[in-house]
Amino acid sequence: MVLTSILSATVAVKNWHWHRYLVWLLLVAMLLIDIPLFLANVVKILSGGWLPLPLGLIMFTIMTTWKSERFRLLRRLHEHGNSLDAMIVSLEKNQPVRVPGTAVYLSRATHVIPFALLNNLKHNKVLHEIVVLLTMRTEAVPYVHNVQRVTVEQLSPTFWRVIANYGWRETPNVEEVFHRCWQEGLACQMMETSFFMSKRVADHGQTALVSARTRQKVFMMPSRNALRAADQFEIPLNRLIELGIQVEI
């Protein structure tokens, strides 16, 4: 309850932009109740109250490890330094073999080349007639207005960028996204569209410290149980292609 009061005051100042003096008064009023309750329960630690403490510490370790390792993984993925605009210009000028249909490459960052696109060119040496770079964003609001749902931008004659915005209470759906893309001038038939995703595997390498390898093992446990992007965005499994990459962090 003490931590909740402190966090609520922080959110009230930084997110809700409440007046600092009002927040301080409310915080002091809540702590006058919470701190005596906390001190009264401290004496119960030795008589069984110790059990929630290691359980909470384990959960805290897993959550902080997930956050830090995922941040390191995404940072490594965005360090290859290849310019998306330069690559599009190069592919339009010196085109590889083009095949019929539409290829959708899911990407977290809008100005970074998706690894799935690089791997597809490297191994298959082909490119679809229409290439869509799709970024699905979750905004810090429960719902996003339909007018702000999808942004479509044509980067070149065959490359498009699509940004779909959803609230944290909404369920992303690619069929809905492409229906709105059709309204914006990008016509895609779902049965003629292939979705490419990267399946990332993190590795600290053999020279990493024991602590780093331990963090990697802790990170991999929730990673295996995390909701797959294909399920999260309701991508038809018969239209999905996953290309694996190994990233050393």
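Biologist: Which residues of α1 are buried?

Modeller: S5, A9, A12 and V13 are buried in α1. Buried means under 20% relative accessible area, exposed over 50%, and partly exposed in between, with a 1.4 Å probe and protein chains only. The model is predicted: local features need pLDDT of at least 70, side-chain atom pairs count only at pLDDT 80 or more, and totals for chains, interfaces and linings use all residues. Residues are numbered from 1 along each chain as its sequence is written, and side-chain values use heavy atoms, with hydrogens and water left out.

Biologist: Why do the buried residues of α1 line one face?

Modeller: Seen down the axis of α1, they fall within an arc of 95 degrees, so they line one face. The arc is taken over directions from the helix axis to the C-beta atoms. An α-helix has 3.6 residues a turn, so residues three or four places apart point the same way.

Biologist: What lies on the face turned away, and what covers the buried side?

Modeller: The face turned away carries the exposed residues L3, L7 and K14. The cover of the buried residues includes α2 (20-42). Contact there means heavy atoms within 4.5 Å.

Biologist: How do you know that H17 is exposed?

Modeller: Its relative accessible area is 63%, which is over 50%, so H17 is exposed. H17 is found in the loop between α1 and α2. Its phi is positive, about 60 degrees, although H17 is not a glycine.

Biologist: Why is K125 called exposed?

Modeller: K125 has a relative accessible area of 54%, over the 50% mark, so the term applies. K125 lies in the loop between α6 (115-123) and β2 (126-138). Its phi is positive too, near 55 degrees. In α6, the buried residues are A116, L117, N119, N120 and L121.

Biologist: What makes a space a cavity, and how many count here?

Modeller: On a 1 Å grid over the protein atoms alone, a cavity is a set of points where a 1.4 Å probe fits but cannot get out. A pocket is an open set with protein on both sides within 12 Å along at least five of seven lines. Lining residues have an atom within 4 Å of a point. The count is 1 cavity of 30 Å³ or more. The largest cavity has a volume of about 40 Å³. L84, S107, A109, T110, V112, P114, L133 and T135 line the largest cavity.

Biologist: Which elements give two or more residues to the lining of the second largest pocket?

Modeller: The second largest pocket holds about 200 Å³ of space. The elements that give two or more residues to its lining are α1 and α2. The largest share, 4 residues, comes from α2.

Terms used: Points joined across faces, edges and corners; volume = space filled by probe spheres on them.
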